[in-house]
Amino acid sequence: MPKIYLSPAYHKWNPCSVDGCDETTHNNLYLDELEKYLKACKIEYKRGVRRVPKSNEDSNALLSRAVRESNEFCADIHYVSHTNAHNGNVRGYRPIIYPGYEDAKRLADILMKNRREIYSGPVTLNTRTDLYELRKTNATAYYEEHVFHDNKEDAIWFHNNMKLIAKQTAKGFCEYFGIPFVDINE
């Protein structure tokens with residue numbers, strides 16, 4: 001059975017353009033939707049803890065714990081769910097992988113194809129070597145930057161389409177693993 005570790009954002013407070021929300025909260029809401037599809041598709045998963053926004057929880061300790069748990073779980077994919085910020089004017093889906101890993105590139109190609117089917121903004125793959133979750137996990141790591149949460153249009157789209165995004169992501173995971181996709185809405 002395929003195994004995925006779900007790692008939500010662990011920021012203390014990154015406010016979103018949608019009133020009353022923040023990056024940590026909306027990424028956990030999205031992962032709640034994704035879990036439903038993973039269960040239906042018989043993909044085993046483990047999820048990192050939910051950080052309490054504005055709390056004094058140690059985000060570095062939570063991040064280290066997520067990597068340790070992912071490695072102990074022997075995940076096939078370490079899936080990081082984040083949103084981005086810049087200056088309020090930038091839109092886009094910008095996932096990140098560690099350079100040179102063919103499995104990560106293959107996963108990125110599949111997930112980006114699926115995102116283009118539902119999202120009208122730019123879709124751009126980035127590589128980085130400095131992100132802890134990309135460097136230290138044993139699994140194929142995929143770091144989502146779903147939208148720019150400081151861009152009102154992007155943030156509203158994300159909030160209004162979490163179920164659809166989860167569906168497309170799960171379809172991509174199933175394609176990557178070569179297993180059937182189960183649509184929970186049919």
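**Exercise 1.** Work out which helices and strands each supply at least two residues of the lining of the second largest pocket.

*Solution.* Start with the terms: helices (H or I, at least four residues) and strands (E, at least two) are DSSP runs, numbered from the N terminus. On a 1 Å grid over the protein atoms alone, a pocket is an open set of points where a 1.4 Å probe fits, with protein on both sides within 12 Å along at least five of seven lines, and lining residues have an atom within 4 Å of a point. Now go through the lining, which includes Y98, Y101, D103, L134, R135 and T140. That gives you α3, α4 and β6. This is a predicted model, where local features need pLDDT of at least 70 and side-chain atom pairs count only at pLDDT 80 or more, while totals for chains, interfaces and linings use all residues. Residues are numbered from 1 along each chain as its sequence is written, and side-chain values use heavy atoms, leaving out hydrogens and water.

**Exercise 2.** Find which residues lie nearest the centre of the largest pocket.

*Solution.* First, list the lining: 22 residues. Next, look to the middle, where H11, H82, L131, Y143 and E145 lie nearest the centre. Finally, check the elements: α2 (59-73), β3, β5 (126-127), α4 (132-136) and β6 each give at least two lining residues.

**Exercise 3.** Identify what F173 is in contact with (heavy atoms within 4.5 Å).

*Solution.* Skip its neighbours within four places in sequence. What's left is I4, L34, L38, I43, I77, Y79, L107 and L111.
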